Each structure stands twice: as C-alpha cells, then as structure tokens.
Amino acid sequence: MIVLGYNGFTRGAELFGRLYGATGIDRNLLVGHDAAAALVIDGEVVAAVEEERLSRVKKTSDFPAKAIEWCLDFAGVEIGQVDVVAFPWRFSSTVGEEMIAGICDTDLPVAAKFDALRRTGELYTGMLSPDAVYADFVRRTGHELDPNKLALVPHHLAHLMCGAHLAGGGDAAFLVSDGRAETLSSVMGELRDGVVHLFDATTVPMSSSLGVAYGRITRYLGFVPNNDEYKVMGLAAYGPPPPHNPLLDHVVRLHENGTYTISVPADRNAYYALFDGLFGGDREKREEFDFRVKVAGCAQHMVEAVTAHQLRTLSAASSLDTLLFEGGLALNCVANTKMLQRSPFTGMEVSFGASDPGVAIGAAVYAAGLRNRPADAVTTPYLGPAYDERHVLDALERYADVVEWQQEPDAAALADRTAELLAEKNVVGWFQGRAEFGPRALGDRSILANPAFPDIKDIINVRVKHREPFRPFAPVVLESEAPRVFEMGKKTSSPYMTFVFPVRPEYQERIPGACHVDGTARVQTVDDRQNPDLARLLRAFTARTDVPCLLNTSFNVAGEPIVCSPEDALECFLATEIDHLVIDRYVVTKRSGPGPHGPGPDGGTGNG
C-alpha cells in the first residue's frame, strides 16, 4: 500500500493575510505552516521533506508541490500509483457548524459577528473545506484524484500518529498540545494495541490554547510568533524562576479535570495592554533585556505549570508507563525534561516531527494503519534528499573561482581531517547523506564547532548565524558517553534534541560553549546505527582533544531554511564566516586570492 501524506494550502498566506492580517511579524499565524510531504510504502516511512528545504521559503504554508514531487521521484512511484492521499486537517461540515456556533455564541456586537462569519465563510469555502482541499490537490498536481482516495485526518490525530509510529507503535499514554487544530488545542488519552482512546473530558478548546498564549507573549517581546518561541524559552534561563507569576494569577485558571482556561485577548492592542499591566511594561521597557527575561521566565513557568497539571490527570487515569508528547508545545525541551522528571511515567518520547512538519508523516501513517508498521522498520530522521558524488563535484566546479577542495580517501580519513580542523577554533559546515526531517539539524546538515572554547557561541551567533547573542547551542555526544557528561535522569538517550539536561559540574568548564547560562544543554545523542558518519567524527574528535562532544547547530543563517542541496551549502558557506565546509568526502575552503581554477588530478584543485 502506498500512502502520500502532505500539509499545506495554496491560498493559506493570501487568505490569512487579507482576512486576518497575518503578514509581516504575524506571517506565520495561519493554518498549514511548515508545509511538507511524506511517503509511506507498506507501513514504512521511506521519504519525507519539508517544502521550505526545496523552495527556500522559511516556514512556507504553500501547497508542497516540490516536496510531493521529490518523495515520489525518490521512491520511483507515479502519482497514479498512490493508493491514498492523506491530509492532516479535517474541516468537515460538522466542524464548520462548530465554527459558526462559536462565533454566534460570543459576546461580540452583531455587526462584528457578521464580519467574523463573512471572513470565516470565505476561509472555509476557499481553503479549508473538503471540496477546497480536493480542488487544491488536483489543481497543483494536475492529477484527477479519485475523491474516495483523499483521507482527511484530524490534526491532533495526525500529530499523535507521527509520534506513535516513530516511537515504534507500542502502547502509551499521550498528550498532544498545539497552537490550534480544527477546534481544539490539546487532547490526551491512551493508545493501546493501535487503538486511540481519547479522554474526552480533558480536551481543551482553541480559545484556551497554551500555544497561542505563548505565541502572543512572543509577539509582545518583539519576536515572530509561531516561529521564535524558542527564543523566549532561551531567554527564560537568564533569570531565576519567578517567585510570583502574574500569568497564573490573572490569565490561567486550572480545573480539577486536568483542563484549564486561558484568558488572553485576541486583539493585539488588548493583549499588549494586558501584559503591560501585569509586568509593568511599556514600549521602551519591552526592548530591555532584563524586562524580556522577566516576562520570558513567567511565560516558561506558565507552560511548565499547565503541562504538569495535565500530566497529573493523565497519569492518574492511565496505567501505562510511557508518555508520548507531540504538537508544537513539545518543542519546549526545557518543559519536556521537567514533565518527565516530575511525573510517574518511566519513559517519555518526543519525536523529531513533533511540530507541524510531522503531521504529513502522521496523516500518512494513520491512513496506512499504525499496526502495519513493519517490525524491523528503522526509525530515522534522515528521510530527505541525498546527493551523489557527481552532483557534489558539479556544484564545486561551478564555484571553483571562489573555493578549493581536497578529497579524502575514505570515511575514516575524512573524520580524522575534520577532527583536526575542529580541534582548533574553526567553524565547520558538515553536509552528509540524506537531509534530516523536522526543525532540528541532527548531524547531516549541521554547523559544528569545538565547545571547549568559551567564546565559540559568540563567534557563531555573530559571524555565522547572524542572530541574537543570548541564543544557546546544542552539544552532540555519543550515546555511550552521554551519562558521563550530562545528568540524564530517566532518559538513556536523546537523539532528536527534544530534552534539556544539566551538564555535570566537572564538565561545565570543559565544554563552556555547549552550556547555557543555567548550566544545562539541549543534548543530541548519537550512535553508529543512527548516524555512523557523525559517530565516527565524534570518536576521532574526542581521541584528538579529550573533549567528549561537539557543538551542533543548524546549517543556515537566521531567517533561512536549513540547507538541503550542495548548492545551498556552498551559498551559505560563502555568505558567512564558516571556516571550512565538509561535503561528502570533500574538505572545502575559501580561496584567499586569484589563482588557477578547476579540479586537479587528485580531486582537489589546481592550486590546492
């Protein structure tokens, strides 16, 4: 069985921009962001890629035409051979009725209700309805799909199925918390024998979305909502936990059944006034670092308090030991660790597709049947495009006037040479194998550096990434070494950077570049099975330096998607102060001056 899953709408940006002002700093406040496609064949995910990696438009919500084309081409499948097309939104007529009733039940003036109904009606008929989704697919692919082959999957169910499949499909309690789905923002329940049991009494409506509230605080602090929430999480670490949190007093109400009500106005001027009143803010104060830290700390504390409240109810209602946590809130890796450590669950899984890119996988998995996952299926984030040696060489030759390169004879020699470069204060672009899926660079499209240098974070933030200096970087470490360096708690591995751990005191001075201001690190563990090239490099680097990990950040600059192709990598390399680029078996450097160009007989360049 062949199932194609995808997320994205052709008219999303247009309609949300015109009807709801989702432009500029609010450009990501729409349905369908993080457009992507995934292909499941006989129960196994064989290919998946975000549209942004191919279109080079960050967080695009467009119909993922390029991603669909790549997935099908990679698998050698014609679109007519696809048995089911799965889409991770189900705006059925019943949901449409709920949307109408929700507007009519508000205390808005009559004229405002009619305006809201007009806008919602145009959005529903032009984009969200089953007929509009079907027409969009046919128009963009040119394929007259049998309407019976289009499966519309509820958004939160798509999130859950992504996490369940990537965790191996076993029994687990689950929590899905997102900015929004069709009408809800959070659900919880159990997954037993592949069957979902939803705890209906614990669902949270979209009007009390924790993700939306956190996004409005993100906007209040001058960042891009639905994109920069991780900046708020990072800022929170610069101050102590708030002794008193006005958000919990005036914005959040926790209910006995594990639900909550969050009261933040939708109007921007209104919620700015609310937050100014709660925190003593004004236009000038919002620009001050200490004020931002104070507000960020309260926002982070709010997330931790609300999710802990939900888990108390979930753990009391479920006898299962493992927790699946998916949805946009699951990217808050600081909260994730505290959720696990403070709960009775013995294990917790957060997938590399926890946020909205993953719903393309989840919709396809749901349509294929979770129970149909092959027992020997490999869980890997490396599901995107790879490029052969000829493609890499062709790209290098096109840039031969500005770069030179040397080919290493084998993987071991490449690891040794790269480790030699990283032993010094060099920043290295590392491009190997298939591109990772999801928002994190996990060692195939990464920027690497030596965390032993205290100023390496500043160097990368300012000279390479062009981003705020308070932003931390993640260490990547061999899974076997991780407990020696980090206090892992209940976790034995963290392959997707979805948890934060304290750095053991004896290592904080040895890897200052990988330590956040509070002595923690967002860790990625790796082994030979997951990523043999990266594991080999880590061993070579540690043998040379006695430093047990590398600093790992995504191979891009602020505002751009992670690189996908060799051409993307070379453009980023040349536009920044990255010192070396290691792409396939080639170590690339920038030319310092004019000279003869072109490859030499040893695979390097004539003047190498």
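**Exercise 1. How many disulfides does a search of the whole structure find?**

Solution. The model is predicted, so local features need pLDDT of at least 70 and side-chain atom pairs count only at pLDDT 80 or more, while totals for chains, interfaces and linings use all residues. Residues are numbered from 1 along each chain as its sequence is written, and side-chain values use heavy atoms, with hydrogens and water left out.

Step 1. A disulfide is a pair of cysteine sulfur atoms within 2.5 Å. By that criterion, the search of the whole structure returns zero disulfides.

Step 2. Take C333 as a case: the nearest cysteine sulfur belongs to C515 and is 15 Å away, and C333 is in no disulfide.

Step 3. Buried stands for under 20% relative accessible area, exposed for over 50%, and partly exposed for what lies in between (1.4 Å probe, protein chains only). C333 is buried, at a relative accessible area of 1%. C104 has 37% and is partly exposed.

**Exercise 2. Find the aromatic pairs and describe the one formed by Y6 and F63.**

Solution. Step 1. Rings of Phe, Tyr and Trp (its six-membered ring) pair if their centres lie within 6.5 Å; planes under 30 degrees apart are stacked, over 60 edge-to-face, and the rest tilted. The whole structure holds 19 aromatic pairs.

Step 1. Y6 and F63 make a tilted pair, with 5.2 Å centre to centre and 55° between the planes.

Step 2. Helices (H or I, at least four residues) and strands (E, at least two) are DSSP runs, numbered from the N terminus. Y6 lies in strand β1 (residues 2-7) and F63 in the loop between α2 (51-55) and α3 (65-75), so the pair ties together parts that are 57 residues apart in sequence.

Step 3. Y6 counts as buried because its relative accessibility is 0%; F63 is buried too, at 0%.

Step 4. Ring pairs also join Y6 and F63 with F9, F87 and F137 in a cluster.

**Exercise 3. Describe the pair formed by Y238 and F289, then the surface patch that holds both.**

Solution. Step 1. Y238 and F289 form an edge-to-face pair: 5.4 Å centre to centre, with 85° between the planes.

Step 1. Y238 sits in the loop between α9 (229-236) and α10 (246-250), and F289 in helix α12 (residues 289-317); the pair links distant parts of the chain, 51 residues apart.

Step 2. Y238 is partly exposed at 32% relative accessibility, and F289 is partly exposed at 37%.

Step 3. With V517, these residues form a nonpolar patch on the surface, about 250 Å² of accessible area together. V517 is in the loop between α19 (505-508) and β19 (520-522) and is partly exposed at 47% relative accessibility.

Step 4. Patch residues have over 30% relative accessible area and no salt bridge; like charges are joined within 9 Å, and nonpolar side chains (Val, Leu, Ile, Met, Phe, Trp, Tyr) within 5 Å. A salt bridge is a side-chain nitrogen of Lys or Arg within 4 Å of a carboxyl oxygen of Asp or Glu. Accessible areas come from the Shrake-Rupley method with a 1.4 Å probe; for residues, only the protein chains shown count as cover.
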